[in-house]
Structures are given as C-alpha cells and as structure tokens.
Amino acid sequence: MVGSRTATLQAAVSRRGFLAGAAGGIALGTMALAGCATPGRAAGGATTLRFYEQKQEVIAYFDKLLRRFEGEHTGLSVVHDSTAAIAPQFVRGEPADVGCFNDNLELARYISRGVLSDLGDLPSAARVRPDIDTLTNQYATFEDRTSVLPYSLAAAGVIYNKRIFADHDLPVPTTWDDFVEVCRTLQKAGVTPIYATDRDTWTLWQGLFDYSVGSLVDTGSFFRKMKALGADVGPDSEVSFEQDFAVPMERAKTISSFFNRDHATRAYADGNLAFGKGEAAMYLQGPWALGQIALIDEELPVGTFALPVSNDPADRKARVNIDLGLWIPTASEHPEQAKELVEFLMQPDVIDAYNRDNLAYSPRIDAPPQQDERLAGLQQYVDDAAFYQGAGTFIPTSIPLGNYLQSAIRSGDFTSMLRRLDSDWRRLAGRSATV
C-alpha cells in the first residue's frame, strides 16, 4: 500500500487549480516550458516533441515516463511543458504536439472547434472501455472524431474514518435514511459527522453539490437538454435547475446541517488537517485528498463509499471525471511521432501503473482493479459503470456556483439559488446567440 501512495504523497499543492479548470475556466498566463530544447529538430537531427501536461503533482512522474520513451525511441526527444493554460498555445498557433489534460469545459472549446486530431484509428483507442469513452462526449464532440483518449478516471465519494465508525458501531450507509441516521448518531455522540471547507468554494460544488445531484439526475442527459434549450430554460421548460435539482438540493440542505460549526471559515488545507487528526467522521472529497490526509497520519484507517441520496441502494453511484485525457492538435508539426508518444503512454503496463500509483482507475478494457484499500469501496461502481460526471463540471465558471452555494448554506434557501442558476444559464445562452 505504501508503494501505491508514492506519487500521491507528493501532492502538496491545492486542488483548487485542478478543479477550477474542471469547471471550464481558461486561466490566461505565460508559457513556462520545462527544458530549453526548441520544438522541431533537436541537436543531432533528433525530432523534438512538446508534451503538455498541467497536473503539477505528477510532473516528476511524467518526466520519468518521457525519459523512458526517449530511451525506447531513437531520434525522438520530448520537452515537458507544464504551464497551466491551454489558451496561449492555441492563440499563438503553437500548441504542444501531445496534450494531457483534464477532460472538461475548457478542453471542450477546442474539441468543438475541430482543432484536435482524430485518434480513432490508433490501436489504443480500441482498448478504451466504451462506457468511459462515452464520458468524453458529454462536454463536446466534433463530427465523428475521437478527439480525446481517456487516460485516467478519478472516482470520488465520501471519505470516512473507519475507526470512528467502528467505535460507534456504525455501518456504511446504503440508503439516504441510513446516512441521515449515521449523521444524527455521530452528532448526538459529540462527533462532527462531516467536515466541510466552505472558504474554498470548489470543495462545495465538487462535494456537496455534485454528490447530492449525481444519483438522482442523469447529469449528461440533463445538461445536453439544457444546452439545447439555451435561453428558453425556465419554470415550464422540459428541464431546469429549479425543477430537476429541487430534491437533490433538499438533500444538500440536510447534509449541510451536519457540517462542522466553523465550516464557513475553513479551507481545503484545514479540512485535510482536521480529518487527518480524526476530528470528523466523514469528508466529501476525492482521492486527491488522501495523500494530504496520509501526511498527517499515514496509519489512519480510511475508506470511501458512494453517497446514497435515495432509499434504493441500487441507485448509488460514484462521482467521476476524466482526470487526464490525451490529444493531438491538428496543428502539430510531427503528427506521426506524436501518435508514437500517445501509443507509448497508452501501453497497458504504462497506463495501468500510472493509475495505480496515482489513486485513479485505468480506462482500459480489462484493466486491473485499483489496489489501494482506501478506494476499495468505489471499485464496484467503476466496474459496473455506476458513475456520473459531476454536475458542477458542466457549469461555466462565469456562473459563480460556489458562491451561490455559500449563500444557500448560510440562508438555508436553496430554491432561490436554483432559480438564479436558471437565470444565469439563460443570460449566457442569450449572450452566445448574439455573438
């Protein structure tokens, strides 16, 4: 187990940057190329590829893979670009030869514009699970292209302290009523049921919002219809936030009543520290938090389960996202060599090892299960495709969902929040129609 944590324990950066990108924000910034080689031809006639990967916590991991690739492919060298922004690359007409990025609304802009190559004819494309590949089409598509190959699937649920559950003789809840009863029992015993960190708003929409919605609403279908309705979204439309998210937000309101008293002033780092010190029984976070928790107490007995928000155990699902996807811009000057790099990274021993070491799931057909016992409670959901992409990831960052959630938790009025979301959606759709 210690070996499988190696890369995760290096993750000392906040997940805010990652999740802000997952909501589709484009952070304009300067290019920061790692290395000094000039794209094109390197010294000695070798072809130099530029590989773009924005996850700061796995830079060292991919550096090792790229050096291995160079050793196995004479005449090819790779510069590792770890800048946090895609936009400047495309604006300047100099995108990296191979991209490795969160599959989200930001990447969707480039998929929909047709500036990413079709990878459907690559041998590795046929090895991707169809039910995971389908997730990549929920944000955007272009004609019949396979613009992105899923590389890493992250699954998230309720992280819980097994010791606290055992001390109070509590089962892992499988229904909504069971979950509420567990929270009430803990509260009566003087134990904080759920540690929340409202100060970092992404933790609210990633956890409270997404977890409450996912098992009650088909997020992919819902947002496809919302996009089609555009400015016609309203109280009487086929779908709307006010209608479809009413019950999920009643769940969210109840869940928030079990938060730590100081949740409004606590940030993500505070949550990791508090949970690591055993100050709460549950934590609505993803696998990225596990390394941080382990830095506080590596021996803390931790597990994860999918939040039940209905009283039918069969309805339970895990929140997932394509944490990394591979793509090749149509503007790459070395498309064939870029495909060689993609095929190398998609080799079973390479892709499976990456996901094992970084607490994620390989999207490959017949991939081995995630071995880390902290994630064992989510494995079956991944195996059965009982998962959904978080609703918050479909909402553009120009709609301040996190701030709305802060206000709703404070006031207890989630209905007004949903109406505001519908209004914002109409406003953005109307603005797009006039461009």
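**Exercise 1. Determine which residue just after helix 12 takes a positive phi, and describe the cover of this helix.**

Solution. Step 1: Gly278, which follows just after helix 12, takes a positive phi of about 80°. Helices (H or I, at least four residues) and strands (E, at least two) are DSSP runs, numbered from the N terminus. The structure is a predicted model, in which local features need pLDDT of at least 70 and side-chain atom pairs count only at pLDDT 80 or more, while totals for chains, interfaces and linings use all residues. Residues are numbered from 1 along each chain as its sequence is written, and side-chain values use heavy atoms, with hydrogens and water left out.

Step 1: Helix 12 spans residues 268–276, and its buried residues include Tyr268, Gly271, Asn272, Ala274, Phe275 and Gly276. Buried means under 20% relative accessible area, exposed over 50%, and partly exposed in between (1.4 Å probe, protein chains only).

Step 2: The cover of these buried residues includes strand 6, strand 7 (194–195), helix 8 (201–214), strand 8 (282–285), helix 13 (288–296) and strand 9 (302–305). Contact means heavy atoms within 4.5 Å.

**Exercise 2. State where Gly286 is placed and whether Gly286 is buried or exposed.**

Solution. Step 1: Gly286 is in the loop between strand 8 and helix 13. Step 2: Because its relative accessible area is 1%, Gly286 is buried. Step 3: Not counting residues up to four places away in sequence, Gly286 touches Ala156, Ile159, Gln206 and Tyr211. Step 4: Gly286 and Arg319 are 33 residues apart along the chain, and their C-alpha atoms are separated by 8.8 Å.

**Exercise 3. Find how many residues of helix 15 are buried, and what they pack against.**

Solution. Step 1: Helix 15 (residues 348–357) is mostly covered, with 7 of its 10 residues buried. Step 2: These are Val350, Ile351, Asp352, Ala353, Tyr354, Asn355 and Asp357. Step 3: They pack against helix 2 (59–72), strand 6, strand 10 (318–327) and helix 14 (335–345). Step 4: Just after helix 15, Leu359 takes a positive phi of about 60°.
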